[in-house]
Amino acid sequence: MVNNLVHLYRQFGVTCRSIMAGLQEAKKLAAYKAVDDHVQDNLIVGVGSGSTAVLAVERMMERVRNEHLNIKCIPTSFQARQLIIQSQLPLTNLEINPEIDVTIDGADEVDENLTCIKGGGACFLQEKIVAYNSKKLVIIADYTKDSVKLGQQWKKGIPLEVDPMAYYTVKTKIEKTMGGEAELRIGKMKAGPVITDGGNFILDWKDFNPESNWEEVNMELLKIPGLFETGLFVDMAVVAYFGMSDGTVKVRTPKNAKDSCDC
Ligand SMILES: O=C(CO)[C@H](O)[C@H](O)COP(=O)(O)O
């Protein structure tokens, strides 16, 4: 009996490790292809945050070394800034380069119109600023982020960055008027709430209506005093690259796109 349990436990460990390795490979496929397709000489590049963005930086670094590409990078977080510095890529900022050619960033979920939930890593305020000032936002992710509707696979909610003073009033307002539950994000290796790069708290809004008009929801949320930004990226991404489990990369543009995109 005990032997059987130990065997099952080991098997479970092996299965989990192989799924994680598969996801990592899928992220790498998406990141590498997006960088190869969109990063060219003399571009200002927005560098996203999260584990998939790390792989995009890895590829940029390779190409800068091998092809002597001349690019300048704008970070979307403290993590991205560190990555750029450690990779010895040229670092710039929005004062020096307010117009970004392309930003390559991860996402937590992407729907059929390329509306994204971002902020699993709590960096979405700077990510949205950089994306907004970019000519092109390119999303990179593994196949588990590829959805028709938001909330289909990502169950951790829509992140909302709030002033610490207002977290409770914002939470109550959302739950009363829009439904669902807005939970204060608590640190894993820190007692108390997660503090963002901007010194704020995060609410994760769960059990939202998946049929929502996300543009309206985003506007409604932003009207609440103390709510600085949402992790909803509506009409921002022009193309998404998903690494698939079979080793291919699925490239998607928004289903509702009015114009064809040169991506
Ligand atoms: O929005 C983000 C951080 O704020 C990340 O891009 C998002 O959480 C995806 O991360 P990962 O590539 O690790 O899955």
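The model is predicted, so local features need pLDDT of at least 70 and side-chain atom pairs count only at pLDDT 80 or more, whereas totals for chains, interfaces and linings use all residues. Residues are numbered from 1 along each chain as its sequence is written, and side-chain values use heavy atoms, with hydrogens and water left out.

Contact, defined as heavy atoms within 4.5 Å, involves 16 residues of domain 1 and 14 residues of domain 2.

The area buried between domain 1 and domain 2 is about 1,100 Å², and carbon and sulfur atoms give 64% of that area. Buried area here is the accessible area (1.4 Å probe) that two parts lose on being put together, summed over both. Of the area that domain 1 buries against domain 2, A122, F124 and L125 supply 41%, more than any other three residues.

Between the domains there is 1 salt bridge, a term for a side-chain nitrogen of Lys or Arg within 4 Å of a carboxyl oxygen of Asp or Glu. The rule also finds 4 residue pairs in polar contact across this interface, both residues being at pLDDT 80 or more. A polar contact is a pair of N or O atoms within 3.5 Å; within protein, one must be able to donate a hydrogen and the other to accept it, and residues adjacent in sequence count only if both atoms are side-chain atoms. Helix α4 (residues 124-132) gives the most to the side of domain 1 that touches domain 2, with 4 residues. Helices (H or I, at least four residues) and strands (E, at least two) are DSSP runs, numbered from the N terminus.

## E229

E229 is placed in strand β10 (residues 227-230). With a relative accessible area of 14%, E229 is buried; buried means under 20% relative accessible area, exposed over 50%, and partly exposed in between (1.4 Å probe, protein chains only). Leaving aside neighbours within four places in sequence, the residues in contact with E229 include F124, L125 and K128. The side chains of E229 and K128 form a salt bridge, and they also make a polar contact (2.9 Å).

## Salt bridges in the structure

The structure holds 17 salt bridges.

| Pair | N to O distance |
|---|---|
| E229 and K128 | 2.9 Å |
| E127 and K118 | 3.1 Å |
| K171 and E175 | 2.9 Å |
| E183 and K206 | 2.9 Å |

E127 and K118 are both buried. K171 and E175 both lie in helix α5 (residues 167-178), 4 residues apart, about one turn of the helix. K171 is buried at a relative accessible area of 18%, while E175 is partly exposed at 26%.

The salt bridge between E183 and K206 joins two strands: E183 lies in strand β8 (residues 181-184) and K206 in strand β9 (residues 201-206), so the pair ties together parts that are 23 residues apart in sequence. E183 is partly exposed, with 31% relative accessibility, and K206 is also partly exposed, with 22%.

Beyond these pairs, a network of salt bridges links D36, R59, E62, R63 and E67.
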